[in-house]
There are 2 protein chains.
Amino acid sequence: MNELSKALLEGKRNAIAKALSIVENEQEGARELIKSIMNKVGEARTIGITGPAGAGKSTLIDKIVQEYRSRDFKVAILAIDPTSVISGGAILGDRVRMMQHTLDENIFIRSMASRGEVGGISKAVTNAIRVLDAAGFRRIIIESVGAGQLDAGIIKVADVVIVVFNPQTGDSVQAIKAGLTEIGDIYVVNKADLDGAEKLYYDIKDLIVDKSEKIVLKTIALTGEGIKELIDNIENVINKKHSNYKEVEKRRIEMEIIDRTERIVNERLKRIIQSKYGKYIELIADGKMDPYTVSEIIAEEILR
Amino acid sequence: MNELSKALLEGKRNAIAKALSIVENEQEGARELIKSIMNKVGEARTIGITGPAGAGKSTLIDKIVQEYRSRDFKVAILAIDPTSVISGGAILGDRVRMMQHTLDENIFIRSMASRGEVGGISKAVTNAIRVLDAAGFRRIIIESVGAGQLDAGIIKVADVVIVVFNPQTGDSVQAIKAGLTEIGDIYVVNKADLDGAEKLYYDIKDLIVDKSEKIVLKTIALTGEGIKELIDNIENVINKKHSNYKEVEKRRIEMEIIDRTERIVNERLKRIIQSKYGKYIELIADGKMDPYTVSEIIAEEILR
């Protein structure tokens, strides 16, 4: 175990930041780092929070963090903007200004941008969770910032998914369009003191898929109303869903391995096709073969 | 050659609609259909149109279609909503109501939803273009509807990419965030009679990457102002870029083959990992191996 892993396991903030950068960018040392902490992880639980822009996610998360701190949990936030190609720094600056808790060393906030690579972010998030887990954070909030939604890969690494709505923005229709009515464990009507909150609450109850398993709550993040109840419900979902956490973890590792292996294989595939299969491209361009058949032939030849 | 292919090559509307459904859903018959038309395609040119929501894309496209019709081109529109999981029908209904040209049989409009599958839409679009090409459409407009942007795969199949902006919505900042300043051949400031149009025009001139190759234009789609100039510029780009169209086509086929082969291989990979590599998942879960090494081992074992 090297210096960095040791400092990380002690929860040193600069070690956490450095380790996150290494795994996020898949820099040299990422493999050794993850290797050295793999048997130190498994205690953290992850809470994905998503919803349309303007739903009040940031304020809600501030209050969730406060509540978890009062229950003595170390809490980390991964703020993810799936639509942004801006470097993490800029978003982080905004977040830091917004948070009241930045001097509390049991809170850690980190922004991650997707850099436009499809699927890239979910691999980075998986390892970022391991780093924060190893550093002793027991609740990790994965937040979609901006107008973007959390992508499917990230949803899969969240132990609980919360979808937040705002009564004033016609969210119910947008929610259906974005597929939000399928992914949540807990649906939150935030700004519940505003006009339309009751209607939205019942609309969501109607819309959600698999009604018996889902919870719909009202909060007013600004005043903290409903936050304790929300946290109680989050903890209930965590306890119910993860009575056998080892199995959950194994399924996630399997997903990760499929992902990583696909990336290696796909890169190899691309090079092989470009260097070796020009004749097939010619035949297709001349109308003598079709893309379906050619792809099947190449797949057969490449796989053992 | 079967009935459907024959009717398609004659430009029969119901055959076009049916063929599009078949390739879009990769139904049975897709392979035979594409095979039978592969040597009948290559004349159509594609125009991708994207930009932030509210830029006035729909009205602009209406006018582009009118102008192309007056120049005697058959024109098709593929309206793509990358964020939507709604079935094509709903969007299509809206579009049909909007278009003045639905009785003109030299115009064909089709909606495609992404169904949430990453990359899935670009394969479908590639074959939809072939179908429309075979049916005699010479200009195919690929439009992003709603707030979503055209994805990278679709941008790659467009011969010309147009990015449309609205002076009134602070688009320049949003454009940078969305990476729009890199992808266009032609940038259009629509609603050029509104306040801020001049400023936006010069902002975009400043922002765009690779300035010498790019064109910035002003239009007022509502009155048709600037449309003729826009079409002239589109045609110029098409002529300049594609003096050797065969090579362009080959590069696209290569991309498609890589895509299709990846999908076959990745499906196989997933099954193999799930059935054969459980021991590695265990070892990782126990902290005895790391995901990087395991993925490399599996990739080695699977590839020839």
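Select B:Arg69. B:Arg69 is buried, at a relative accessible area of 18% (buried means under 20%, exposed over 50%, partly exposed in between, with a 1.4 Å probe and protein chains only). A salt bridge here is a side-chain nitrogen of Lys or Arg within 4 Å of a carboxyl oxygen of Asp or Glu. B:Asp104 sits in the loop between helix 5 (88-98) and strand 3 (107-113) of chain B, and B:Arg69 in helix 4 (residues 57-70), so the pair ties together parts 35 residues apart in sequence. Helices (H or I, at least four residues) and strands (E, at least two) are DSSP runs, numbered from the N terminus.

A word on the model: it is predicted, so local features need pLDDT of at least 70 and side-chain atom pairs pLDDT 80 or more, while totals for chains, interfaces and linings use all residues. Residues are numbered from 1 along each chain as its sequence is written, chains are lettered from A and ligands numbered from 1 in the order written, and side-chain values use heavy atoms, without hydrogens or water.

Select A:Glu67 and A:Lys228. Their salt bridge has its closest N and O atoms 3.3 Å apart. A:Glu67 is in helix 4 (residues 57-70) and A:Lys228 in helix 11 (residues 227-241) of chain A, 161 residues apart. Buried or exposed, at 9% relative accessibility: which is A:Glu67? A:Glu67 counts as buried. A:Lys228, at 54%, counts as exposed.

**Helix 12 of chain B**

Select B:Arg260 and B:Glu256. Their side chains meet in a salt bridge (3.6 Å, N to O). They are four residues apart in helix 12 (residues 245-276) of chain B, about one helical turn.

**Where the chains meet**

Show both chains. 58 residues of chain A are in contact with 56 residues of chain B (contact means heavy atoms within 4.5 Å). Helix 12 of chain A gives the largest share of the side of chain A that touches chain B, 18 residues. Across the interface the rule finds nine salt bridges. For one example, select A:Lys250 and B:Glu282: their side chains meet at 3.0 Å, N to O.

**Last stop: helix 2 of chain A**

Select residues 13-24 of chain A, which form helix 2. Among the buried residues are A:Ala15, A:Ile16 and A:Leu20. Just after the helix, A:Glu26 takes a positive phi of about 50°.

Technical notes. The expected span of a helix is 1.5 Å times one less than its number of residues.
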